[in-house]
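Hello,

Here is the structure we talked about handing over. Please have a look at it first, and my notes follow below.

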Amino acid sequence: MGDDWLEISREGLDVGRATAFVAHPAAGGLAVFVGTTRGETNAGGQALLALDYEAYEEMAIVQLRDLAARARARWPVVKVALLHRVGRVRLAEPSVVIAVSTPHRAQAFDACRWLIDALKAEVTIWKKEAWEDEGVKG
Amino acid sequence: MIRIDVRLFAILRERAGVSQLPLDLPDGATVAIAAAALLEALPVLRNDLRVAAYAVNRAYAGPDAVLEAGDELAVIPPVSGGGGGSGGVGGGGVGR
């Protein structure tokens, strides 16, 4: 994987593994963001069971590479992991993990925030709500 | 004439009932021309196409981008990756 771990995954995301991946002797700060599915109730009184994610994977992977390159151009990034789920993500489960390491902590915070904001704005991934009592229980 | 491959995702795929379709266009056709042809082929997508972005061969492209035979044109509804709750309409950006 080298210095970047970029993946669209059908399996559960391992936050610990992503954190360990970006650790490096050249880095003094690691920042990790985890996006999870937040529960809610719709206007019809149904509870959210999960979010189902799909991706235009061939383009999303190209975009993740581009995001990593742009982050490296702006900050002295040592290592970065950008991981996103496809498939069903239940409440409080991770849908996205951004992990980045830099020499100093301010850079890590800034790069991490920028990466998740850019991913949300640009990368070809979509979510669809799965509500209870729609034949998709659990 | 050129033939391109159109790919539909998420709400577009659900509404159209297909994930992929070929489109025959005049030589030198632009993304805008392809979008009009797509609307004619699948009028059910009228409202969704108004807020869709387009990508040619895996890179966002504007309406004036010129298409070539064999190109892959993806129609991209507002993206909504990255976690959180249900976003509703306009829950994400539409590309650079």
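**Where the two chains meet**

In this predicted model, 29 residues of chain B are in contact with 33 residues of chain A, contact meaning heavy atoms within 4.5 Å. The area buried between chain B and chain A is about 2300 Å², with carbon and sulfur atoms giving 49% of it; buried area is the accessible area (1.4 Å probe) that two parts lose on being put together, summed over both. On the chain B side, B:R58, B:G82 and B:S86 lose the most area to chain A, together 25% of what that side buries.

Three salt bridges are counted between chain B and chain A (a side-chain nitrogen of Lys or Arg within 4 Å of a carboxyl oxygen of Asp or Glu). One salt bridge pairs B:R7 with A:E58, their closest N and O atoms being 2.8 Å apart.

**A residue to look at in chain B**

Leaving aside neighbours within four places in sequence, B:D71 is in contact with B:I4, B:D5, B:V56, B:N57 and B:V66.

**Reading the numbers**

Residues are numbered from 1 along each chain as its sequence is written, while chains are lettered from A and ligands numbered from 1 in the order in which they are written. Local features need pLDDT of at least 70, side-chain atom pairs count only at pLDDT 80 or more, totals for chains, interfaces and linings use all residues, and side-chain values use heavy atoms, with hydrogens and water left out.

Best wishes
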